[in-house]
Structures are given as C-alpha cells and as structure tokens.
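User: I would like to go through this structure and ask what lies behind the words used for it.

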Amino acid sequence: FSGKGYFGTMNSIRTVYNTLRERGADFHGEFYIPEKWNHAGFPDYTRSAERPGEIRVNPYRFYADTIEKCFLRAGGSPPSVPQKPLTQSAVYGMMPRFYAAWPNGADGKTRPGTFLRCMALLPLVRRLGADILYLLPVFQVGEKYRKGDLGSVYSIRDIYRLDDHLHDPLLDGMDVRVEFRAFVEACHALGMRVMLDFVFRTVARDSELIYDHPDWFYWIRADREPEFH
C-alpha cells in the first residue's frame, strides 16, 4: 500500500481513538503491559511487586494516549511514503498475533496480539530504522484440524477475509477491517510502507477454494500417507 488513495487519510485511526476514549471511564479491572511498551510516556500507571518489569494501566486510556501522541498530534493526513527501492530499505517482519502477545490479565493467561496492540508498538519498529513492515499472513485461518488453539497463519481458509483473532476485545463491535485500516494508516504516518504475505502454496483443509476449485488441489489417499515423501 502506497499511502495514497484508500489509505491516504487518518479516518480509521481516529475512529479507533474515539472509541477508546469513549470507553475508558468504564474500565475497572487489571491490565498489565511490559514497561518498555510505554515508549510514549503514558503517565497514569501503577506497579505491582508481583509483576516486575510491568506496569498496570487502564488499557483504553493507554492505547488512546499512545495513538494521540504518536499518530494524531501532528494532525491532517499522513505524509507521502517514500517509494525507495527494496535494496535501499530496511524490512521488518511481523506476525501480529505473536508480536504483541502478553499475559495482560491477573489470571496470567497470554492474550494474542491484535492490530491495535501492534499499532501502539510501531514507533519501536520505526526506531530500528525499518521503513517497510512485512506482515506475515493476516487472513482467516481454518477451523478444522488446527495446530494449537489458534491454528497456523499459513493454514488459510479465506484469502479475502481478515483473521478475526486480530480484532481487539477493547474495540468490540468494530469491524476488524477498520482496525486493519487504522494499523496501515499508522504505518504510513511513520513513513513505513506495508507488505502483505499472500500464501498460495498451502491452504487450510477447510479452505473456501476447495469447494469451487477442487482441481487446484493435490490429494493424497489417507491410507497411502505413510508412503508419501
């Protein structure tokens, strides 16, 4: 995405920001983040002796504050993203669900990364000198025969839909496509281009393509699987 046209405004990131601001007063739970994630200097946090290296924040206010300071304070549309040759660029690869995963709650259960969580950490990527963000697959993964709880990002069910797991619960009711657009707008605001990893060599075993194009697939008889190499 070049930073022009469809992604040339900050409309989606403002929608995310306004939603977070509106919901911030209703949060009364516990939410922890690594202290190093607070690169924008959010001041309203506390510490817990049981969780060294972390700070406790109101997540709505933390993400809203980070978005405002890092992406909205300059106002207007994001700058044009330079079209440098790839040989002159620094590329940073990111798998969103892992990149911003953290056990935020008091229960210690790790929550996967989302577009919102990754967006708040983009300035750290930019400080490394990266000007291209290479996103590993962010599309809907298969529901059947999954590896682990979430399945593999390379086991894609529908190449035309974003993975619902990348939706952030703080933004419940919002379309994940809006969150993705906000993420891309944030990248452009920092002068980074976005590349997407489209995987056509492998799909999920419940891929939507199987129903329309079974002839595109190479099938192996289950009783001959031990002989396959």
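Analyst: Helices (H or I, at least four residues) and strands (E, at least two) are DSSP runs, numbered from the N terminus. The model is predicted, so local features need pLDDT of at least 70 and side-chain atom pairs count only at pLDDT 80 or more, while totals for chains, interfaces and linings use all residues. Residues are numbered from 1 along each chain as its sequence is written, and side-chain values use heavy atoms, with hydrogens and water left out.

User: Where does Y145 lie?

Analyst: Y145 is in the loop between β5 (139–141) and β6. The protein has six helices and seven strands, in the order α-β-β-α-β-α-α-β-β-β-α-β-α from the N terminus.

User: Why is Y145 called exposed?

Analyst: Relative accessible area decides: buried means under 20%, exposed over 50%, and partly exposed in between (1.4 Å probe, protein chains only). Y145 has 57% relative accessibility, so Y145 counts as exposed.

User: What is phi of Y145?

Analyst: Phi of Y145 is near 55°, a positive value in a residue other than glycine. Most residues other than glycine have a negative phi.

User: Which residues does W37 touch?

Analyst: Contact means heavy atoms within 4.5 Å. Leaving out residues up to four places away in sequence, W37 touches F62, Y63, A100, A101, W102 and L121. W37 and A100 are 63 residues apart in sequence, yet their C-alpha atoms are 9.7 Å apart in space. In the protein, 71% of the contacts with a separation of 6 or more are between residues 24 or more positions apart.

User: What makes a space a pocket or a cavity?

Analyst: On a 1 Å grid over the protein atoms alone, a cavity is a set of points where a 1.4 Å probe fits but cannot get out, and a pocket is an open set with protein on both sides within 12 Å along at least five of seven lines; lining residues have an atom within 4 Å of a point. Grid points are joined across faces, edges and corners, and a volume is the space filled by probe spheres set on the points.

The largest pocket has a volume of about 1100 Å³. Of its 37 lining residues, the closest to its centre are T202, V203, A204, R205 and F217. β6 supplies the largest share of this lining, five residues.

User: What lines the largest cavity?

Analyst: M95, P96, R97, P137, V138, V153, D163 and L166 line the largest cavity, which holds about 40 Å³ of space. The structure has one cavity of 30 Å³ or more.
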